[in-house]
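User: I have a model open and would like to go through it with you. Can we start with what counts as buried?

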Amino acid sequence: MLNLMKLEWTKNRLSQYWKGVLVSIILIFAAMALMGIGSNGEKEAMFPDYEAYESLAGIFVRIVFMIYTSVVLSRVMIEEFRNKTIQLLFTYPTERKKILRAKLLVVFGFCFVTTATASIVIALLTVGLNPMLEIFPDEVTLRDIAGDIPGMLLMAFMMGGVSLIPLFFGMRKKSTATTITSAVLIGFLINATVSDGSNQTSLFQFIGVPVGMCLIGFGIAFLSYRRIEKADL
């Protein structure tokens, strides 16, 4: 399976996306910093504490890399079926299920690694630069970040599952545009903010939402190859 995943990674030249990933991380941090610095002179600060900062940064990370992963999903899966190049892969002496599982694991792994990397790197940049930039008044240490890492990894894992949901919409029409559009809508939907009049929070922070969406994503992934051995392409 690992060899199949390596072949998929190399064949689709997915390493080229890492430059865009790094640029996205820098832009997210820059946007967060500018919002925090710009509100310092106002009566109500944009980020009264690190928790508020971390919450918005998490929303940006989840939306951006959900969309990024949909591009990878389109390249690895949707385009193969649309162009019928998947038929060539299925002539290899390897089970169809294994080939599709390898593709889906590549997509899941890309989302997990990029989301986790972005969250950790932004947190480290915040520790290093907040004392100079004064994005928010709290003092954040490496120990604080280390305590947040398990939560960041869990969030990245759940987003990996959620990132598979656009497969359902993309495969129906064999459309890259549909895949990416559905990822945008899902990304904004699960990160929408709700308010009780005094506090605002993201839907993603209600544990049932990401867990449920993650399970739906895994279910869609399983159904996508369950009967592939007997399917006519």
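Analyst: Buried means under 20% relative accessible area, exposed means over 50%, and partly exposed lies in between. Keep in mind that this is a predicted model.

User: Fine. Which residues of helix 2 are buried?

Analyst: Tyr-17, Gly-20, Val-21, Ser-24, Ile-25, Ile-28, Phe-29, Met-32, Ala-33 and Gly-36 are the buried residues of helix 2. An α-helix has 3.6 residues a turn, so residues three or four places apart point the same way.

User: And what covers the buried residues of helix 2?

Analyst: The cover includes helix 3, residues 50-82, and helix 5, residues 96-133.

User: How far does helix 2 reach from its first C-alpha to its last?

Analyst: Helix 2 runs over residues 17-38, which is 22 residues, and reaches 31 Å. That is close to the 32 Å expected at 1.5 Å a residue.

User: Take Met-32. Is it buried or exposed?

Analyst: Met-32 lies in helix 2. Met-32 counts as buried because its relative accessibility is 0%, and the cut-off is under 20%.

User: What does Met-32 touch?

Analyst: Leaving out residues up to four places away in sequence, Met-32 touches Phe-47, Tyr-53, Leu-56, Ala-57, Phe-60 and Ile-135.

User: Which other ring forms a tilted pair with Phe-110?

Analyst: Trp-18 does, at 6.4 Å centre to centre and 55° between the planes. Trp-18 lies in helix 2 and Phe-110 in helix 5, so this pair ties together parts 92 residues apart in sequence. Trp-18 is partly exposed, at 26% relative accessible area.

User: Which residues do ring pairs link into a cluster?

Analyst: Trp-9, Tyr-17, Trp-18, Phe-65, Tyr-68 and Phe-110.

User: What lies over the face of Phe-204?

Analyst: Arg-62 does, at 4.2 Å from the ring centre.

User: Now pockets. How much space lies in the largest pocket?

Analyst: About 1,100 Å³. The lining has 38 residues, and those nearest the centre of the pocket are Glu-51, Glu-54, Ser-55, Leu-56 and Gln-205.

User: Which elements give two or more residues to that lining?

Analyst: Helix 3, helix 5, helix 6 (142-162) and strand 2 (200-202). Helix 3 gives the most, with twelve residues.

User: Back out to the whole chain. What is the secondary structure?

Analyst: The chain has nine helices and two strands. Read from the N terminus, the order is α-α-α-α-α-α-α-α-β-β-α.

User: And what are the overall span and the share of buried residues?

Analyst: The C-alpha trace spans about 65 × 35 × 30 Å along its principal axes. Of the 233 residues in the chain, 41% are buried. Among contacts between residues at least 6 apart in sequence, 77% join residues at least 24 apart.

Note on methods
Residues numbered from 1 in each chain as written. Predicted model: local features only at pLDDT ≥ 70, side-chain atom pairs only at ≥ 80, totals over all residues. Heavy atoms only, no water. Helix = DSSP H or I, 4+ residues; strand = E, 2+ residues; numbered from the N terminus. Expected span 1.5 Å × (residues − 1). Buried < 20%, exposed > 50% of the residue type's maximum accessible area, 1.4 Å probe, protein only. Contact = heavy atoms within 4.5 Å. Phe/Tyr/Trp six-rings, centres within 6.5 Å; stacked < 30°, edge-to-face > 60°. Lys NZ or Arg CZ within 6 Å of the ring centre and 35° of its normal. 1 Å grid on protein atoms, 1.4 Å probe; cavity = no way out; pocket = protein on both sides within 12 Å on 5 of 7 lines; lining within 4 Å. Points joined across faces, edges and corners; volume = space filled by probe spheres on them.
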